[in-house]
Each structure stands twice: as C-alpha cells, then as structure tokens.
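Please read it alongside the sequence and the model.

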Amino acid sequence: MKGYFGEFGGQYVPETLLPALEELEVAFAEACLNKRFQEEFNACMRDYVGRPTPLTHARRLSGHTGLDIWLKREDLNHTGAHKINNAIGQILLARRMGKRRIIAETGAGQHGVATATACALFGLECIVYMGSEDIKRQYINVERMRLLGADVIPVTTGSSTLKDATSEAIRDWVANVDNTYYLLGSAVGPHPYPTMVRHFQSIIGAEARQQILEAKNRLPDAIIACVGGGSNAIGIFSAFLEDPVELIGVEAYGRGNNKNAASIAFGLPGVLHGARSYLLQDKDGQILSTHSIAPGLDYPGVGPEHSWLAYTGRVSYKLVDDTDALAAFSLLTRLEGIMPALESSHAIAYLDKYGQAHKGRTVIVNLSGRGDKDLHTVLGSDL
C-alpha cells in the first residue's frame with residue numbers, strides 16, 4: 001500500500017491534515033523530477049552545508065577495538081549534524097509550495113538549529129517547539145536558534161521531551177495548515193514524511209558507499225548508526241540495503257529496565273504522531289515515559305521503515321546504555337580528537353562488543369553529530 005513499509009507507516013491524522021499531506025506528497029514527487037530543484041539542493045549541499053563530508057579512518061580507535069573503523073563525518077556539516085541535509089531539502093520544498101511560516105520540533109536541538117539556519121538563509125518565519133526538559137539539557141542550542149531568529153516555544157506537557165514537542169508542533173499545524181509548513185526532522189510521522197526524510201538524508205549513504213569503495217576497493221562488512229526516530233541511520237543504510245553488508249542500529253537503553261528509549265527492543269506496534277510503528281506503550285496502549293542521556297534518542301517510537309527493517313530482519317538493532325555512551329564519548333575524544341554527540345556515542349560504544357566477535361572487519365560508523373552541545377551533560381556526569 002502507498003505510504004506503508006509492510007504493515008508500518010500510513011496516515012493516522014485528523015481529516016483537516018489529509019489535504020495538506022496530499023499537497024505535500026504531490027509537491028515532493030514533482031520536486032524529485034524537477035532538474036532545477038535538484039540542482040539547487042545539490043548546490044546548497046556543496047556550497048553551504050559543506051558536502052561531501054569526509055570518511056575518516058579512525059586509526060587509533062581501530063587499534064583499540066581490533067576493527068577497521070571508518071567514520072562518516074556528519075559532525076563536519078554546517079550546524080554540526082546530519083539534520084541540515086533534510087532541513088535544506090524541506091525548506092526548498094516549502095518555498096516551492098509558497099509556505100513562508102515554518103514550524104519544527106526538536107529534541108537535541110540539532111534539528112531546531114538546522115531549521116532555524118535554513119529559515120535564516122531563505123528569509124522565512126521559524127517556530128521551534130522544544131520540551132522544557134530538553135531546553136535545560138541543550139540550552140546552548142536554544143540560544144543558537146534564537147540568535148538565528150527562531151521563536152523557541154517551551155513545551156511543559158508530559159515528559160517535556162521530544163514526544164511532547166512533536167505533539168505540540170502537530171497541534172500548531174492543524175490550527176494553521178493553510179499558511180504553515182511543518183518541517184519534521186526525523187524519519188517518523190505520516191506519509192510522505194518518512195520517505196521524504198530518507199530521500200534527503202540518503203546523500204549520507206551515497207557518499208559513504210563511493211568513499212569506501214575508493215578507499216578500500218570493496219564494500220564494508222558492517223555499518224553502525226544510532227537510532228532514535230531514525231533519520232541518520234536510514235540515511236546511511238539506504239545505499240546498502242541491497243548489498244551483502246551487515247546493518248546495525250543502536251538504540252538507547254538509558255538506565256535500563258523501564259528507563260530507556262529502545263522502541264524496537266521493547267516496543268509493540270501502535271500509532272503515534274500519524275504513523276504505525278514500534279512504540280513503547282503499556283498494555284492499554286498508553287505511551288510510556290522514556291529516558292536517554294542523549295536527547296535526540298529520547299523518543300518512545302521509531303520510524304516506520306526501521307520498524308519494517310527490524311521485522312524483516314534486514315537490520316539488527318542493539319542496545320547501549322547511558323554509562324557506555326558516556327564512556328564512548330570520552331574514548332573517541334581522547335583517541336581520535338573527535339568529540340561525538342551523545343547520540344552518535346551510542347554507535348561508537350557498540351564497537352567494543354562488535355569487535356570482540358568480529359576482529360578485523362571493516363566497519364563504517366555514522367558520526368551523526370558533534371558533541372559540543374553535550375558538554376554541559378558530560379561535565380555534569382561522573383565521566
């Protein structure tokens with residue numbers, strides 16, 4: 001069915017949003033076929049974002065783990081994460097549709113910063129919804145957004161994190177659908193958002209595939225990426241889905257037990273934010289509270305395509321807790337002089353376990369963002 005990945009996906013939204021989603025789907029399909037749109041997107045990626053990002057051989061980390069590790073450096077993008085790829089793509093689409101009021105949700109703040117940056121570049125109004133808990137954890141990114149001209153609206157309902165920020169953004173969209181474009185930041189939400197986000201983030205995988213072939217004259221044995229909603233992971237996985245390459249997503253185990261954000265490991269199929277996917281929920285279908293030291297992973301669901309890839313077994317999804325993610329942050333910083341985002345640190349942390357069973361394998365890790373934004377959290381820990 002259109003808009004589904006197996007049984008996952010769909011459009012579970014109020015009727016008032018269905019015409020807007022149809023308009024968006026048509027506009028996206030036309031843009032994908034429009035040479036001028038593609039040229040403008042590619043020019044922005046090259047001249048503004050700074051693509052292609054390098055594929056860096058992590059020599060000392062390789063020696064530490066017994067693996068041959070390569071880092072896809074999304075941390076070197078303008079704004080410091082992969083989120084800018086999708087933000088630029090959707091802003092160009094919004095402008096093409098004549099929408100000048102842009103709303104977005106954010107958890108770690110990187111999507112909010114990327115959206116505010118793209119809005120500043122093209123002179124568009126920007127409103128970002130952010131949970132009050134995440135505002136405290138990521139106050140530097142909040143100030144960056146405000147400096148860029150965005151109106152950052154604190155969300156105090158629920159757990160005051162990404163789930164609640166997304167809910168508020170959707171409420172705004174329902175109320176202002178005629179003049180507003182909702183720039184969703186992850187591979188979640190109703191169709192066509194998961195497909196759109198994958199499309200704009202697939203530049204990561206396309207580059208990585210070409211770069212590893214040039215460097216090694218072969219494909220990697222495995223690719224590892226952190227997974228919250230799943231945009232950075234689906235971006236790099238997309239180029240390798242048909243190849244004999246092991247794909248591994250790493251979810252946030254948080255503090256373990258009921259204090260985690262591992263929707264695939266512990267979730268059941270259900271509907272959240274307009275799509276059917278794996279969700280953390282109780283026996284009555286109520287969404288559970290989540291926890292991760294990485295705000296960008298602190299979400300009770302996962303994108304529908306990831307749900308399908310887990311269901312079919314094409315991608316395996318593993319767990320890393322807060323303690324190991326913090327240790328990985330320190331490890332990469334000290335061994336390679338590269339400070340990863342706490343989200344990306346989950347992927348780095350899994351390398352030790354993977355290396356114990358697979359010595360000598362070539363592995364690409366998607367380093368989805370840089371860790372400057374997390375210093376307040378890291379310095380407040382026992383690291």
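Is Glu25 buried or exposed? Glu25 is buried, at a relative accessible area of 19%, where buried means under 20% relative accessible area, exposed over 50% and partly exposed in between (1.4 Å probe, protein chains only). The model is predicted, so local features need pLDDT of at least 70 and side-chain atom pairs count only at pLDDT 80 or more, whereas totals for chains, interfaces and linings use all residues. Residues are numbered from 1 along each chain as its sequence is written, and side-chain values use heavy atoms, with hydrogens and water left out.

**Salt bridges**

- The structure holds 25 salt bridges, each a side-chain nitrogen of Lys or Arg within 4 Å of a carboxyl oxygen of Asp or Glu.
- Glu25 pairs with Lys2, the closest N and O atoms being 3.5 Å apart.
- This pair links distant parts of the chain, with Glu25 in helix α1 (residues 18–33) and Lys2 in the segment before β1 (4–5), 23 residues apart; helices (H or I, at least four residues) and strands (E, at least two) are DSSP runs, numbered from the N terminus.
- Lys2 is exposed, with a relative accessible area of 64%.
- Glu40 and Arg95 form a salt bridge (2.4 Å, N to O).
- Glu40 lies in helix α2 (residues 35–49) and Arg95 in helix α4 (residues 83–96), so this bridge ties together parts 55 residues apart in sequence.
- Glu40 is partly exposed at 28% relative accessibility, and Arg95 is partly exposed at 36%.
- A network of salt bridges links Arg51, Lys72, Glu74 and Glu207.

**Nonpolar cores**

- The largest nonpolar core has 86 residues, of which Ile88, Leu93, Met145, Trp173, Tyr181 and Ile236 touch the most other members.
- A nonpolar core is a set of buried Ala, Val, Leu, Ile, Met, Phe, Trp, Tyr and Cys residues joined through side-chain atoms within 4.5 Å.
- Helix α9 (residues 193–216) contributes the largest share of this core, eight residues.
- Apart from this core lies another, of 24 residues, including Ala58 and Tyr350.

**Packing of α5 and α7**

- Helix α5 (residues 110–122) and helix α7 (residues 139–147) pack at an angle of about 10 degrees, with their axes 9 Å apart.
- Gln110, Gly112, Val113 and Ala116 in α5 meet Asn141, Arg144 and Met145 in α7, contact meaning heavy atoms within 4.5 Å.

Methods
Axes are lines fitted to C-alpha atoms, for helices over the stretch in contact, and angles run from 0 to 180 degrees between N-to-C directions.
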